[in-house]
Structure formats: structure tokens, C-alpha cells
Amino acid sequence: MSEESSGAAETVIRRERFAGGQARSFMSSLEADARIFAADLAVDRAHTVMLAEQGIVGADEAAAILDALDAVADAGHDALPDGEDVHEAIESAVVDAVGPVGGKMHTARSRNDEVATCIRYRFREDLLDAAEATLELRGTLLDAAAAEADTVVPGFTHRQHAQPTTVGHLLASYAGALARDTERLLAAFERTNRSPLGSAAFAGTTFDVDRQRTAGLLGFHDVIENAADAVTARDFLIEGCGAVAALSATLSGLATDLIEAAKDGHVDLDDAYASTSSIMPQKKNPDSLELVRAVAGDAVGDLTGLLTTLKGLPRAYNRDLQRATPHAWDAVDIVTDATEVTAGAVATAEWDADACAADAGAGFSTATGVADALAAGGLPFRTAHELVAAAAGEIDDGATVDEQVDAVDAAATDLLDESLSAYVDRETLAALLSPAGSVAARDSRGGPAASALTESLTRLRDTHDEHSSAVDVHRESLAAAEDRLAAEVHEYA
Ligand code: ARG
């Protein structure tokens with residue numbers, strides 16, 4: 001088409017573009033903003049109360065605005081008028097309700113500080129939900145670990161039989177990892193819970209705003225000092241997303257260990273956490289745990305999307321930021337769900353102690369204990385390691401303990417020209433060669449012996465309770481702020 005002949009069509013397209021259409025809906029975040037509808041109402045209320053307290057708007061003007069906000073809250077997000085986003089739509093609804101005075105609500109602020117505040121207001125709750133889910137899972141793991149403290153089971157490295165351990169020790173290891181996941185979430189909460197409100201577009205405002213006051217009314221423990229930093233910063237989303245991505249990696253490891261244990265017949269998952277095959281009627285598949293494992297992919301994808309979106313953005317607001325936020329919502333939701341499902345799967349799983357014990361000694365997995373005993377008797381550990389390796393080559397799977405002792409004795413005679421008894425007596429060795437004896441001997445701090453595990457479980461339980469109190473304190477302080485804001489708003493009724 002020549003330039004002239006395309007003129008008419010272009011006019012039509014341009015008019016359409018100005019009128020709205022695809023680009024308008026492409027730019028709108030209104031639907032996704034349902035998540036911050038309540039947050040925006042709180043931010044509007046706190047800001048309006050502060051404006052009135054500072055004499056920037058009149059008390060009766062504030063009263064009209066706050067009244068209209070109540071009506072908007074009652075009608076819900078779906079009743080909002082069209083708008084580019086929830087901030088604009090709520091403001092329109094307020095103006096529709098009370099007339100131009102409603103526009104005073106937006107004095108001394110911008111959507112830039114507004115949206116940053118809303119996201120932080122909501123995300124801090126999501127982080128506490130995620131932390132609570134980790135606490136629930138940790139509690140479940142600790143209960144199961146205590147119940148299975150004596151359930152001897154094969155331990156693997158490189159997926160090869162390595163050393164006997166206990167189900168209790170395996171599960172407690174995940175309770176330990178999850179404690180750090182909770183810590184990361186609480187640290188992310190701390191940096192999320194700071195207020196950007198009152199920064200306006202990025203360069204502050206000519207009005208005498210009280211940023212500390214709105215921060216307090218909204219339950220933030222501090223403000224973000226620099227106004228340009230305050231409106232731009234999304235590193236709290238990176239940190240929170242990073243924390244849930246790390247959590248998802250912990251979950252995926254636990255899922256795999258449980259899937260393998262189910263495959264070996266060591267654990268039976270509750271039917272609610274399994275599926276059957278559409279063609280093979282005998283099958284019970286650990287689908288819930290496979291999905292938990294896959295969630296790590298979602299979390300890593302979200303974290304990558306978030307980082308890639310934020311990388312290279314200059315100071316202040318750029319609309320790219322709108323597409324950063326949903327990555328964080330998605331990641332925190334899916335990982336919290338996965339954490340809760342995993343807790344259910346662990347709580348209802350039944351461990352088969354006999355099946356576990358039957359496999360615990362497979363692959364001469366007690367060999368390390370034999371080498372340790374020889375070393376304790378004075379033989380250099382490296383020599384002991386060689387000797388036991390030579391014996392291992394002669395021991396068939398299914399060999400009795402007596403046959404194993406004989407093989408070690410033969411290797412000693414062969415390699416050292418000495419009898420085994422120079423270093424350790426047969427009875428001690430026989431005890432160490434039994435998986436249960438091997439576990440009982442591993443009583444160093446953090447080891448699987450019942451005595452060591454009991455101590456570990458006490459420490460893990462204490463940390464669990466400390467973290468649980470920390471979450472409670474945060475929840476209470478947010479709830480108290482909500483009450484305070486409601487009481488302040490009530491003053492204008
Ligand atoms: N919907 C926007 C977001 O989610 C809100 C901020 C818009 N600000 C602006 N200056 N256009 O990021």
C-alpha cells in the first residue's frame with residue numbers, strides 16, 4: 001500500500017487506539033489488582049486520615065471520602081468502574097459517590113508510592129502465610145521423626161546404599177532445612193514491612209505529610225527514607241520470591257526422598273495423596289509429591305521472570321513494574337500450597353518398619369562402622385578403609401553377620417598378616433554389622449542414634465516454637481494496626 005492509500009485506514013486505527021481497545025486492556029492491571037483491593041482501601045484510608053490530621057484536607061472532606069471508601073469496600077472489587085488499575089478505579093468510584101471533593105484523596109501522593117505501598121501491605125501477609133505453612137510442615141516432620149526414631153532404613157549417597165540411618169533422622173533433616181526456610185521468609189518480611197507512602201512520584205511533595213504516621217496506621221515498622229528509592233524498590237519481591245524458591249527446593253528434595261521410599265515399599269502414602277494408573281489397576285502413584293517437586297520449576301521461573309524484568313530499570317516508576325508483581329504472587333501462592341500439601345502427605349504417610357529394616361543392611365552398608373571400629377582399635381583409618389573394601393568384594397548380598405565377620409577377618413589376615421582380634425573383638429564387630437547396631441553407635445551430635453536424635457529434636461522443636469512466636473507477634477502487630485486504623489476512621493463517621 002502506498003502512503004496515501006493507507007491514510008483512511010490509519011485514521012480509523014488511530015482513532016480506535018485513542019478510544020481504547022486492545023492497548024487499553026493490555027495496559028490495565030485491574031483484574032490482577034483484585035489481590036490488592038483491600039490493601040488499596042487501607043492505604044487510601046490511612047492517607048486520608050493523615051491528610052486531615054495535617055490540615056491538608058478538612059475533617060468533613062475526609063469524612064465524605066472515608067464514607068465513600070466504606071461503600072466501595074462493601075461493593076467489592078468486581079463492582080469497580082473501569083480503570084487502568086485498582087487505584088484509579090477506586091478513586092473514580094469515590095469521586096462518583098461524593099463529587100469532586102473525592103479527588104482530594106490523591107493530594108500529596110502518586111500512584112507510584114501508592115502501588116508500592118499496596119504490594120508491600122499484601123505481600124507481608126503472604127510471607128507470613130508461607131512462614132506458617134513451613135511451621136506446620138516442620139511440626140509434622142518433628143512428630144513423624146519422633147515416632148520413627150527407631151525405624152532403621154537404608155541411607156543413600158549417589159542413590160547407592162551408603163549407611164543405615166533412621167526414618168526419624170531423615171525427616172528431622174528436612175525439619176532442619178525448613179527452619180532456615182522460615183528464617184529467610186521472616187527476614188524477607190522484615191524488609192517488606194516498610195512504607196513508601198508519602199514519597200509521591202519520586203521527588204517527595206510540597207505538602208507537609210507525616211510519613212511516619214501513615215506507616216504506623218498501616219502497621220509498617222518504618223518508612224523507606226529516600227522517595228525515589230521508595231517508589232522504585234522491588235527488591236523485597238526478589239527477596240521474598242527467593243525465599244520461596246529456596247523453600248521449593250527443600251520441598252522438592254523431600255518429595256523425591258518420599259517418592260523413592262514409596263518405590264522401595266518403605267512408606268505407604270495415604271490414598272488422598274496418590275493416584276492410580278488409568279490402565280494398570282495395581283498401581284498407586286505418588287502424584288501429589290511429583291507435583292510438589294515440579295513446583296520448584298514454577299518458583300524458579302517466577303524468580304527469573306522477576307529479576308529479568310527488574311534488571312536495568314532506572315529510578316522511579318516505569319510500567320515494567322506492573323508485570324514484575326504477579327511473579328511474586330504466583331510464586332508465593334504455589335509454594336505455600338505445595339508446603340501445605342507436603343505436610344498432609346507426611347502426616348498421613350505410614351512407614352513399614354519391617355520393610356525398611358529388611359533393606360537397611362543391603363550393599364554392606366555397615367562397612368563404615370567396621371572401618372571405624374578397626375581405626376578405634378589403633379589401625380590407621382586409611383588402612384582400615386582398604387581392608388574393609390577388600391572384604392566387601394567377598395561379601396554377597398544376603399550374607400549373614402557371621403559370614404561378614406569372617407570375610408573381614410580373612411581380609412585382615414591377608415593384608416596385615418594379623419588376626420582381626422588385634423584390633424576389635426568379634427562380638428563388637430557383629431553388633432556394628434547389624435544396621436540397628438550401626439545406627440545406635442552413631443551418637444555424635446546430629447547423628448541418627450536415638451539419644452542424639454532425641455536431643456536434636458528438642459533443639460529443632462525449640463527453634464520451631466521461637467519462629468512460631470515471631471510469626472504470632474507480627475500477626476498481632478498487623479491486626480493491632482488494622483484496629484487502630486479502623487478506630488481513627490471511625491472518628492470521622
Ligand atoms: N498498575 C500499576 C502497577 O501495577 C500502578 C502504578 C501506575 N503508575 C503509573 N505511574 N502509571 O504498577
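Around the ligand sit Ser 29, Asp 85, His 87, Arg 111, Asn 112, Val 115, Tyr 317 and Gln 322, counting a residue if one of its heavy atoms lies within 4 Å. Three of these residues place a polar side-chain atom by a ligand nitrogen atom: Asp 85 at 3.0 Å, Asn 112 at 2.9 Å and Gln 322 at 2.8 Å. A polar contact here is a pair of N or O atoms within 3.5 Å.

This is a predicted model, where local features need pLDDT of at least 70 and side-chain atom pairs count only at pLDDT 80 or more, while totals for chains, interfaces and linings use all residues. Residues are numbered from 1 along each chain as its sequence is written, and side-chain values use heavy atoms, with hydrogens and water left out.

Now the helix pairs; helices are DSSP runs of H or I with at least four residues, numbered from the N terminus. The axes of α11 (residues 287-310) and α12 (residues 320-348) come within 9 Å and cross at roughly 160°. Axes are lines fitted to C-alpha atoms over the stretch in contact, with angles from 0 to 180 degrees between N-to-C directions. That makes α11 roughly antiparallel to α12, the term for angles over 145 degrees.

The second pair is α16 (residues 401-416) and α17 (residues 426-433), whose axes come within 10 Å and cross at roughly 120°. From α16, residues including Val 401, Val 405 and Val 408 take part in the contact, and α17 brings Arg 426, Leu 429, Ala 430 and Leu 433; contact means heavy atoms within 4.5 Å.

Conventions
Helix = DSSP H or I, 4+ residues; strand = E, 2+ residues; numbered from the N terminus. Parallel < 35°, antiparallel > 145°, perpendicular 65-115°, else oblique. Polar contact = N/O pair within 3.5 Å; in protein donor to acceptor, adjacent residues only side chain to side chain.
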